[in-house]
Amino acid sequence: MKIRTKITLSIGTLLVVITLFGYHAAHTTQRIKHNIENILADNYNSVKYAQKMLWAINNFEQDSLIAVNTFYDNLSLQSINISESTEKQHTEQLERQFKRYTADRTKENLISISESINMIILLNGNAIESKSQFAKDTAHEALVLMIVFAVLSIIFAAFMLAKIPQALTNPIQKLIEGILEISNHNYDKRLSFDKKSEFGKVASSFNSMAQDLAQFQQSNMARIISTKQYLEIVINSIDEPIIGLDNEKQILFVNKIAISILNIPLEKMVGKSALDLSLSNDLLRRLVKGVDKEVGNEPLKIYANEKESYFDVHYLSLPENSGIVVMLSNITKFKELDNAKTNFISVISHELKTPISAIMMSLQLLQDNRIGDMNEEQSALAQSISDSSDRLLSISSELLKMTQVEAGVLQLSPKITKPIELINYAIGATRVLASKFECSIEVEYPESIDKLFVDSEKIAWVITNLLSNAIHYSSNNSRIIIGVRQIEDRIEIYIRDFGKGIDFRYHKTIFDRYFRVPGTKVQGSGLGLAISKDFVEAHGGTIHIESELGKGSCFIISLAKT
């Protein structure tokens, strides 16, 4: 049976029960009303007329005319208010007795009249009692029937409340369960409903859809397996380690190179939690750590195949953020070339110092007036040789410092130092250069400042380099400010010039090795700022620039106080 038919029959039946209940209540009420009206309209009036006639006969002698008229009027009303079977006879008898009394006013006739009146009162009183009892019985019967109808209505309504929602919700619940099974790729799920019900067609459509999906899955499974095998071949053919993780850090795939460097069998990796495996594998722990947060840019050093190898780690997101691919690029060859380059530069820089020192010593001898004066052209040439030698010596020193940083052999000898000592050293080292460019150096130093715990030689070299750059990139007769300020537990040393400034685009790359701002005419190696950054960061500090075109530049070194 259809749900619509069930609801229609249930509501129709309940409507019939309510209609019968209402009809019976109205009919019973009408009967009770009729009985009460009979009592009030007939019997009660007869009793009232009889009582007035009794009053009249008791007053015949005192006020005979009024009493007689009252008796006669009420007797007339009683004669037309006959409601009981013997009441008419008693009323006619009363009329005859009254005529007899008017003809012969004796006591016996008066007693007869009184007896007839009492008989009428008794007759109507009995009728009132009988009709009242009948009204009570009728009301009780109506009450019982109404209670029966009410109980039936409540039972039927409760039955509807229990069955109708269940008849509606059960098919819907089964349909929801079926949909959930389909969403979980259980395409064997089928629904079964009465074919005559509304859900019969729904079940038929659902089962047809599930069958089509099952066929579609089976047809695609071969393609999926083929594609998976193809991807495995491609991934395994790549000479770089590759690991695929889902969002729960479960290992989706891994190629042979990754298996060899992780030293974990394939069957213990695919489908397993990378977090669990990383508890006993340092390399995997390092790789998984980089998925959630950034790690250092330093190459990853791995000992594999009986040799040390270096890898750059890259994290690539899978489509729709369904996971992460961890790729390791083997940079061992580049690292070896870089080390060779560093060693070569270190050797060359060190070896250059000896001939440069010899050139500078010979130049000093040539410039000594004791062995003879040089003409103007010779003096200019000697000065050019001196400047070039100074520049070569400076470049050699910078290259040596750079190779120390790259080789990881930078040694710090920190000690407690006043910031003013570092500033004074830098000013003294650049005094000749400042005089040459006619620059004035102003010092801003607070009265109270904490001390630093740093390698004074290296930090002084950084400040000297920055101050030298500020002099070189300032115009003649300009001012340069070097100062110190303390912000909470940090001490900042700043060098400000008022030159042409540096474009915002180069504020980060300016600290890269060999980088020079485009259009710069001042000659240099491009290593000074890079080495300065390495020296400052080796102390746990930072260095950055604040600059605008046309407004000069300010380099700020931030170090922790003691």
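This is a short chat about a predicted protein model.

Trainee: What helices and strands are there in the protein?

Mentor: The model is predicted. The protein has 14 helices and 12 strands.

Trainee: And how many of the residues are buried?

Mentor: Of the 562 residues, 34% are buried. The accessible surface is about 35,000 Å². Carbon and sulfur atoms account for 56% of that surface.

Trainee: What about contacts between residues at least 6 apart in sequence?

Mentor: Among those, 62% join residues at least 24 apart.

Trainee: Which strands are joined to β12 by bridges?

Mentor: β10, residues 490-497, is joined to β12 by 8 bridges. β11, residues 542-547, is joined to β12 by 6 bridges. β10 runs antiparallel to β12, and β11 does too.

Trainee: Which residues are bridge partners there?

Mentor: Glu-492 has Ser-558 of β12 as its bridge partner. Ser-547 is partnered with Ser-553 in β12.

Trainee: What sits between β11 and β12?

Mentor: The two strands form a hairpin, with 5 residues between them. Gly-550 is in the turn, and its phi is positive, about 85°.

Trainee: You mentioned Glu-492. Which side chain does Glu-492 meet in a salt bridge?

Mentor: Arg-485, at 2.8 Å from N to O. Glu-492 is buried, with 14% relative accessible area. Arg-485 is partly exposed, at 30%.

Trainee: How many salt bridges does the structure hold?

Mentor: It holds 8. Another one links the side chains of Lys-551 and Glu-548, at 3.6 Å from N to O.

Trainee: Is Lys-551 buried or exposed?

Mentor: Exposed, with a relative accessible area of 60%. Glu-548 is partly exposed, at 48%.

Trainee: Which salt bridge involves Asp-455?

Mentor: Asp-455 pairs with Lys-458, at 3.5 Å from N to O. Asp-455 is buried, at 4% relative accessible area. Lys-458 is buried too, at 14%.

Trainee: Why is α13 largely enclosed by the rest of the structure?

Mentor: Because 14 of its 17 residues are buried.

Trainee: What about α14?

Mentor: Helix α14, residues 528-538, is mostly covered, with 8 of its 11 residues buried. Among them are Leu-529, Ile-531, Phe-535 and Val-536. Asp-534 is on the buried list as well.

Trainee: What follows α14?

Mentor: Gly-540 follows α14. Its phi is positive, near 80°.

Trainee: Now the surface. Which residues form a nonpolar patch there?

Mentor: Leu-143, Ile-147, Val-151 and Ile-155. Together they have about 350 Å² of accessible area.

Trainee: Where is Leu-143 found?

Mentor: In helix α4, residues 107-183. Leu-143 counts as partly exposed, at 44% relative accessibility.

Trainee: Why would residues a few places apart along a helix point the same way?

Mentor: An α-helix has 3.6 residues a turn, so residues three or four places apart point the same way.

Trainee: Next, Asn-255. Where is its place?

Mentor: In the loop between β2, residues 251-254, and α6, residues 256-262.

Trainee: Is Asn-255 buried or exposed?

Mentor: Buried. Its relative accessible area is 0%.

Trainee: Which residues does Asn-255 touch?

Mentor: Leaving out residues up to four places away in sequence, Asn-255 touches Ile-235, Asn-236, Ile-238, Glu-240, Pro-241 and Ile-242.

Trainee: One more asparagine. Where is Asn-74?

Mentor: Asn-74 is in helix α2, residues 64-79. With a relative accessible area of 5%, Asn-74 is buried.

Trainee: And what is Asn-74 in contact with?

Mentor: Tyr-49, Lys-52 and Met-53, leaving aside neighbours within four places in sequence.

Conventions
Residues numbered from 1 in each chain as written. Predicted model: local features only at pLDDT ≥ 70, side-chain atom pairs only at ≥ 80, totals over all residues. Heavy atoms only, no water. Buried < 20%, exposed > 50% of the residue type's maximum accessible area, 1.4 Å probe, protein only. Helix = DSSP H or I, 4+ residues; strand = E, 2+ residues; numbered from the N terminus. Contact = heavy atoms within 4.5 Å. Areas by Shrake-Rupley, 256 points an atom, 1.4 Å probe, with all protein chains shown as cover. Patch = residues over 30% accessible without salt bridge, like charges linked within 9 Å, V, L, I, M, F, W, Y side chains within 5 Å. Salt bridge = Lys/Arg side-chain N within 4 Å of Asp/Glu carboxyl O. Pairing = 2+ DSSP bridges.
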